[in-house]
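Me: I'd like a close look at one part of this model, please. Could you walk me through it in one go?

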Amino acid sequence: GLYGKAADLPNVSYDFIIVGGGVGGSVLANRLTENPATKVLVLEGGSSNEDAFETKVPFFVTRIPAEYTWNYTTTPQVGMYNAEIPFPRGFVLGGSSSINGMFYTRGSSDDFDRYAEVTGDPGWTWDNVQTYFKRNEKWTPPADGHDTTGQYDPSLHSTTGMTSFSLSGHHQALDPMVFQAGQELGGIFDFKLDYNDGRPLGLGWLQAAINGSQRSSAATSYLAPQYINRPNLHVLVGARVSRILKTGSGSAFQAVEYTQDVVNGPLSTFTASKEVLLAAGVIGTPQILLNSGIGDSGYLSSIGITPLVDLPSVGRNLTDQPTTGCLWNVRNDADTFDPVFQDEAVLDSAMDEWNNDGTGPLVVTPIGQVAFYRLNDTELADLGVPAGVDYAAGPNTPHLEIAIGNGFVSPTPPPGKWLTISTNLVSATSRGSVTLDTTGGLDVFRAPHIDPAFYTTEWDIKAMREAVKAAKRFVSAPVFQDYVLEALGPLATAETDEEIEAYVRGYSGTTAHPVGTASMSPRGAQWGVVDPDLKMKGGVQGVRIVDASVFPYNPSMHTMAPTYVVAERGADLIKSTWNL
Ligand SMILES: Cc1cc2nc3c(=O)[nH]c(=O)nc-3n(C[C@H](O)[C@H](O)[C@H](O)COP(=O)(O)OP(=O)(O)OC[C@H]3O[C@@H](n4cnc5c(N)ncnc54)[C@H](O)[C@@H]3O)c2cc1C
């Protein structure tokens with residue numbers, strides 16, 4: 001059941017306590033309570049998703065209210081003229097899957113094969129994780145019921161999993177033009193039937209976490225009423241975890257300290273008889289560990305926290321994918337989605353359609369198509385990349401992504417009609433960190449310093465520069481000749497490499513795909529935070545980490561589906577340890 005107050009929880013002792021009810025936490029909560037004898041408590045800092053209306057309407061992805069996010073900003077980004085940029089994370093049941101862009105992308109075969117190689121665990125290879133993608137995926141017809149032949153490869157998809165994924169359920173006038181441009185230009189824009197085949201290279205239809213007209217999140221799928229109401233599963237919302245605490249005389253950390261009132265306290269604890277499962281995400285998980293005295297001993301001592309376990313990798317290796325927004329003004333008679341947020345009457349009628357029939361412009365994300373692509377050997381050499389070096393995981397793996405939207409992707413588009421292309425650097429090499437903000441003294445609940453270190457390597461800035469050039473080339477295809485008018489802002493005059501790099505540094509943000517702050521590494525390695533079975537290193541007993549922070553590298557696409565896989569396999573590993 002769902003609980004708002006700890007005092008209302010039945011008096012039970014728990015086998016597992018899960019910290020965070022996002023992607024990792026929701027999957028674990030579901031899978032571990034399949035056995036009615038296993039008692040599980042989830043502590044989620046945010047609220048229930050039940051009344052979070054904007055999280056349900058796919059098109060409202062740009063209008064998620066601040067109350068459902070942690071409202072983080074980064075530290076000043078030296079690679080971006082010291083800008084402090086928003087860094088969204090979900091603060092609601094379902095975690096970031098309740099507020100995200102819903103892109104369903106599995107990553108490349110090389111991505112998972114590299115996880116297996118760097119962790120020394122063949123269980124993480126692409127072939128071996130296919131079973132977990134299938135358990136997660138419930139392929140669902142699009143809201144408009146259109147014939148999807150030739151838009152995806154059904155043989156790659158499962159219809160029996162938990163989270164619904166689908167193709168666009170609302171036709172956009174731009175759709176045929178996008179694919180015609182692909183045909184006209186060829187090369188990196190060649191048609192790709194289904195980018196979820198392990199070799200995501202080419203231009204194809206976006207697949208998204210949508211069930212008919214509604215977002216399908218970790219909360220709506222894995223914590224749907226038939227699961228959250230299991231008598232052996234208790235989910236406490238509004239419960240912010242501060243630390244994990246030592247239990248007994250050994251090195252077990254099976255107590256979880258939390259509060260339901262971050263301003264006035266008090267702090268209380270729950271203790272797990274089997275394991276504590278940290279699933280607080282790429283920011284929350286390292287913050288809780290550092291608060292608990294688990295991290296770099298020298299660093300912890302320097303900020304006044306008694307080090308209990310020396311694990312220098314905690315909070316390091318923050319790896320994210322930057323995005324640059326490119327916008328073009330298009331003909332005023334173009335049929336774009338801009339009027340939905342420009343004209344109240346259009347929004348009202350779209351709302352009626354969504355409410356009454358579950359159709360119309362609100363059933364989709366604002367992005368219709370995506371192209372994932374690699375720079376070729378000549379381009380790599382031109383960028384100064386040494387021969388034989390590849391910053392992607394392998395030859396099946398993209399360096400860059402272009403995402404195309406039939407309008408101005410924003411909650412408040414300016415007047416006019418627009419075309420958006422977001423360029424994303426999916427194989428970034430910049431590495432940042434999560435550290436505690438101790439300004440004015442220690443405070444376990446103060447937002448940490450988040451530094452994704454965007455564009456701090458030469459590859460990252462140059463590769464993104466090339467992506468912006470590719471976006472410009474795309475809109476110069478013959479099909480757009482009388483359609484696209486001019487680029488917005490400094491993009492219009494950015495021609496030289498230096499000008500485009502300046503544009504990238506000035507107009508980038510996060511794709512919100514951070515990973516790596518509690519990375520997996522081989523058993524016995526001097527680096528990393530968890531072993532390949534997700535158990536904590538450093539002699540810590542009774543704790544696993546099951547969220548996106550365990551990826552040693554970013555998957556070369558969006559991170560939600562790979563995180564579902566980590567959690568599905570994590571659940572299997574936990575069940576096998578305890579014979580559940
Ligand atoms: C704006 C945005 C857009 C994105 N778009 C896409 C996309 O289109 N496609 C895609 O594949 N991926 C996307 N992602 C990324 C994807 O959603 C994440 O990779 C995924 O949700 C990570 O899962 P997780 O379990 O690690 O963390 P989360 O899903 O974020 O869950 C962590 C949970 O822990 C809770 N928590 C944190 N700290 C504490 C604490 N101290 N106490 C209690 N609870 C705590 C949080 O409130 C949250 O519910 C996007 C993310 C965002 C934010």
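Which element gives the largest share of the shell around the ligand, and how many residues is that?

Reply: Happy to. The largest share comes from α7, with 4 residues. A word on the basis: this is a predicted model, in which local features need pLDDT of at least 70, side-chain atom pairs count only at pLDDT 80 or more, and totals for chains, interfaces and linings use all residues. Residues are numbered from 1 along each chain as its sequence is written.

Now to the shell itself. The ligand is surrounded by 41 residues, where a residue is near a molecule if its C-beta atom, placed from the backbone, lies within 6 Å of it. Gly20, Gly22, Gly95, Gly101 and Gly284 are the closest. At least two shell residues come from each of α1 (23-32), β13 (240-247), α7 (281-291) and α14 (560-578); helices (H or I, at least four residues) and strands (E, at least two) are DSSP runs, numbered from the N terminus. Sorted by class, the shell holds 17 nonpolar, 20 polar and 4 charged residues. Here Ala, Val, Leu, Ile, Met, Phe, Trp, Tyr, Cys and Pro count as nonpolar, Asp, Glu, Lys and Arg as charged, and the others, Gly among them, as polar.

There is also an annotated spot to look at. An unreviewed UniProt entry places the feature "active site" at His513 and His558.

Let's take the two histidines in turn. His513 sits in the loop between β26 (508-510) and β27 (543-545). It counts as buried because it has 29 C-beta neighbours inside 10 Å; a residue is buried with 20 or more other C-beta atoms within 10 Å of its own, exposed with 12 or fewer, and partly exposed in between, with C-beta atoms placed from the backbone. Leaving out residues up to four places away in sequence, His513 touches Asp320, Gln321, Asn554, His558 and Thr559, contact being C-beta atoms, placed from the backbone, within 7 Å.

His558 lies in the loop between β27 and α14. His558 is likewise buried, with 26 C-beta neighbours inside 10 Å. With residues up to four places away in sequence again left out, its contacts are Phe103, Thr105 and His513.

Conventions. UniProt positions renumbered as here; feature names shortened; annotations may be inferred. Contact = placed C-beta atoms within 7 Å.
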